[in-house]
Amino acid sequence: MSTATPEKQLANVEEATVRFCGDSGDGMQLAGTQFTNTSALAGNDVATFPDFPAEIRAPRGTKAGVSGFQIHFSSNEIYTPGDTVDSLVAMNPAALATNLQDLRDGGILLVNKDAFDKKGLEQAGYETNPLEDGSLEKYKLHSVEMTKLVRLAVEGLGLSQKEADRCRNFFAMGLVFWLYDRSLDPTLRFIETKFGKKPEIAQANTAALKAGFNYGETVEAINTQYHVDPAVLPPGKYRNIMGNTALAWGLLAAAQLSEKRLFLGAYPITPASDILHELSKHKHYDVLTFQAEDEIAAVTSTIGASFAGAMAVTASSGPGIALKGEALGLAVITELPMVIINVQRGGPSTGLPTKTEQSDLWQAMYGRNGECPMCVIAASGPADCFYAVQEAWRISSKYMMPVFFLTDGYIANGSEPWRIPKMADLPKIEIKHPESRDSAADDFEQFQPYTRDDLLARPWAIPGTPGLEHRLGGLEKADGTGNVSYDPANHQHMTDVRQKKVDLVADDIPEQKVFGEKEGDLLVLSWGGTYGSCTTAVRHAQKAGKKVSHCHLRYINPFPKDLEGILRGFKQVLIPELNMGQLRSIIRDRYLIDAKGLNKVQGKPFSVAEISEKINEMV
């Protein structure tokens with residue numbers, strides 16, 4: 001019998017999409033993250049989509065407990081984590097049942113054969129074993145005895161069977177690393193760093209990783225490796241970054257650029273909690289994080305921090321923003337600068353905590369009592385969070401008013417390459433506070449906290465500054481003096497001023513970018529996390545010769561001043577949103593334009609194919 005290693009083929013492909021899926025305790029997020037980091041180090045452009053189960057402790061082996069991580073990597077510039085999957089790793093029957101529909105025909109299917117026992121099949125709803133009944137014939141199925149092979153690989157290291165089985169994700173990683181011609185070195189360094197204090201665990205994970213890689217190298221059934229060349233990206237130093245991390249770093253940068261202490265008042269909530277986690281690591285940058293007892297305490301502490309002169313931020317998701325509603329009105333009427341972050345998730349109520357949606361736009365625009373306008377800015381992707389949140393703070397501090405900043409679960413947990421900027425290249429955020437006054441001086445004038453500059457911004461007086469003593473509160477204020485006023489004409493005036501301040505921002509933001517011609521048959525208008533799929537779908541349409549262009553909004557309230565003219569340059573307007581048509585309603589209301597919607601509330605982002613299909617239907 002020959003013992004020679006079977007000859008393998010190496011095929012070059014432009015891009016590939018891989019998904020790891022298994023129980024929430026199977027380490028699928030770790031597998032996906034390591035594969036992402038390795039692909040980024042290989043020079044590929046990458047986009048990811050982690051998909052967490054809503055249940056923290058769902059019964060093992062059930063569909064409700066399936067966790068997934070999808071990565072799209074390419075030798076070209078990409079904008080989405082991929083529509084269909086080229087290679088699917090399923091660690092148990094439930095993972096197969098809930099993810100198989102996304103694997104393309106002819107795609108590679110790697111399954112842990114050992115998990116397909118009677119109990120596992122019943123939990124996933126299978127009446128027969130799909131590995132044996134021929135139902136998977138249209139895929140390149142590889143049934144691998146992962147559990148058995150991992151136990152053999154770690155034998156002799158003194159691990160319990162439970163501990164040994166926890167290494168299965170590293171076996172799966174190793175096999176996929178071999179399949180896509182990835183180096184093991186970055187993950188070996190990760191193992192050494194992460195598990196260095198537990199040498200037996202580090203050895204076991206290393207053994208499992210190499211066992212998976214060697215399995216691919218030697219098994220005859222898998223005879224092709226795939227290679228993706230590095231992408232051509234602008235020169236610079238890059239790292240892979242998640243949306244919530246980029247947002248936290250953007251806040252840090254904004255605080256440094258404005259020479260302010262950064263205060264974050266927050267109550268933990270999915271998917272916004274990672275902002276609190278990340279900022280709590282950076283106390284040495286004059287960051288103060290406060291984990292409050294509830295959402296109301298979180299936002300009111302933020303108002304207090306702003307009053308005290310800090311760069312004040314609160315972060316939450318839809319249900320938490322609902323609880324903050326009354327205090328947000330207080331922030332508006334006191335005209336204090338702060339950034340209110342909403343990392344949107346599926347709703348209403350607690351809804352779909354781990355799934356993405358864009359259904360809090362109306363909440364940001366209108367979700368308060370009284371006439372209570374607020375500026376609204378939305379990030380378009382993970383890396384954009386870094387820059388967009390700095391813009392939110394610039395506007396907030398310049399106009400002395402709170403600014404809503406919207407992201408979503410898809411942006412928050414997704415990642416992409418980010419070119420690390422130099423701090424010296426980022427624009428300064430100038431903030432001036434009124435100076436102290438000598439009350440004994442002959443020319444002393446009583447400080448009036450509601451006097452205004454040309455932008456209608458009132459002075460940001462730091463409490464304790466001599467001669468600037470004043471008070472604020474939720475009752476209506478007389479313009480200028482800041483005294484409580486119930487005068488009807490004054491209330492009308494102050495309401496007009498608060499609205500005018502928001503409107504003036506339109507003079508201070510860039511013109512709206514149009515990707516494509518400024519006139520044509522169809523304009524795709526998007527905002528938030530739909531950027532990547534809309535951009536890709538419009539490019540496909542343009543290559544097909546269609547007169548389709550794309551606008552993606554960062555500024556939603558107010559809109560860019562030239563937006564109406566752009567909209568009227570097209571015969572039709574399509575607005576894809578992960579809600580029931582909230583931006584479409586605002587556009588129709590504001591401009592009386594009969595925009596059409598493409599709407600979805602399934603906890604998943606749009607695929608490129610969904611938007612392309614709608615474009616082709618309209619033009």
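Me: How far apart do the centres of the positive and negative side chains lie in the chain?
Reply: This model is predicted, with local features needing pLDDT of at least 70, side-chain atom pairs 80 or more, and totals using all residues. Residues are numbered from 1 along each chain, and side-chain values use heavy atoms, without hydrogens or water. The chain has 63 positive and 76 negative side chains. Lys and Arg count as positive, Asp and Glu as negative, while His and the chain ends are not counted. Each charge is placed at NZ of Lys, CZ of Arg, CG of Asp or CD of Glu. The two centres lie apart by 2 Å.

Me: What share of the 619 residues is buried?
Reply: Buried means under 20% relative accessible area, exposed means over 50%, and partly exposed is in between (1.4 Å probe, protein chains only). By that cut-off, the buried share of the chain is 57%.

Me: Is Thr-80 buried or exposed?
Reply: Thr-80 sits in the loop between β4 (66-74) and β5 (85-90). Helices (H or I, at least four residues) and strands (E, at least two) are DSSP runs, numbered from the N terminus. Contact means heavy atoms within 4.5 Å. Leaving out residues up to four places away in sequence, Thr-80 touches several residues, including Tyr-410, Gly-532, Ser-533 and Thr-536. Its relative accessibility is 9%, so Thr-80 counts as buried.

Me: Which elements do the buried residues of α18 pack against?
Reply: Helix α18 covers residues 531-543. Its buried residues include Gly-532, Ser-533 and Thr-536. They pack against β17 (520-527), β18 (548-553), β20 (570-577) and α21 (608-618).

Me: How far apart are the end C-alpha atoms of α18?
Reply: The expected span is 1.5 Å times one less than the number of residues. With 13 residues, α18 should span 18 Å. The model agrees, because the end C-alpha atoms are apart by 18 Å.

Me: How many residues of α9 are buried?
Reply: Helix α9 has 15 residues, 243-257. Just after α9, Glu-259 takes a positive phi of about 55°. The helix is largely enclosed by the rest of the structure, because its buried residues number 13 of the 15.
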